[in-house]
Amino acid sequence: PIERNFQAIGSGGEDFKKAMVAAVESVLGSVPENKVATRASSGGKYCSVNIGPLTVATSEQLTAIYQAMATDTRLKWWM
């Protein structure tokens, strides 16, 4: 198991945040609100969502999280 942070950048503001949290929760279960932070880009076009640190038990879970995040077409970049 490892402690992992997830960062996603995309468009859509609050809806994008909710979608990224749901993607992580679909694999790891409930994510506490204090583990989620957002920041808008200077131009307001994009939103950065930071989730974590969270415990990921297996590499399969990590892959599943990134696959779940990638299903959202608003996602431009993730780490």
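The following questions and answers concern a predicted model.

Visitor: How are the residues numbered, and which pLDDT is needed for local features?
Guide: Residues are numbered from 1 along each chain as its sequence is written, and side-chain values use heavy atoms, with hydrogens and water left out. Because this is a predicted model, side-chain atom pairs count only at pLDDT 80 or more and totals for chains, interfaces and linings use all residues, while local features need pLDDT of at least 70.

Visitor: At what angle do helix α1 and helix α2 pack?
Guide: Helices here are DSSP runs of H or I with at least four residues, and strands are runs of E with at least two, numbered from the N terminus. Axes are lines fitted to C-alpha atoms, for helices over the stretch in contact, and angles run from 0 to 180 degrees between N-to-C directions. The axes of α1 (residues 13-28) and α2 (residues 59-70) are 8 Å apart, and the helices pack at an angle of about 150 degrees.

Visitor: Which residues of α2 make the contact with α1?
Guide: Contact means heavy atoms within 4.5 Å. From α1 come Met 20, Ala 23, Val 24, Ser 26, Val 27 and Leu 28, and they meet, on α2, Gln 61, Ala 64, Ile 65, Ala 68 and Met 69.

Visitor: Is Lys 17 buried or exposed?
Guide: Lys 17 has its place in helix α1, and, leaving aside neighbours within four places in sequence, Lys 17 is in contact with Glu 33, Val 36, Thr 38 and Val 49. Buried means under 20% relative accessible area, exposed over 50% and partly exposed in between, with a 1.4 Å probe and protein chains only. The relative accessible area of Lys 17 is 14%, so Lys 17 is buried.

Visitor: Which residues does Val 49 touch?
Guide: Val 49 is one of the residues that touch the most other members in the largest nonpolar core, which has 19 residues. Residues up to four places away in sequence are not counted, and Val 49 then touches Phe 6, Gln 7, Ala 8, Phe 16, Lys 17, Met 20, Val 36, Ala 37 and Thr 38.

Visitor: Where is the peptide bond from Gly 52 to Pro 53 placed, and what is its omega?
Guide: Pro 53 lies in strand β3. The peptide bond from Gly 52 to Pro 53 is cis, with omega near 5 degrees.

Definitions and conventions:
Core = buried A, V, L, I, M, F, W, Y, C linked by side-chain atoms within 4.5 Å.
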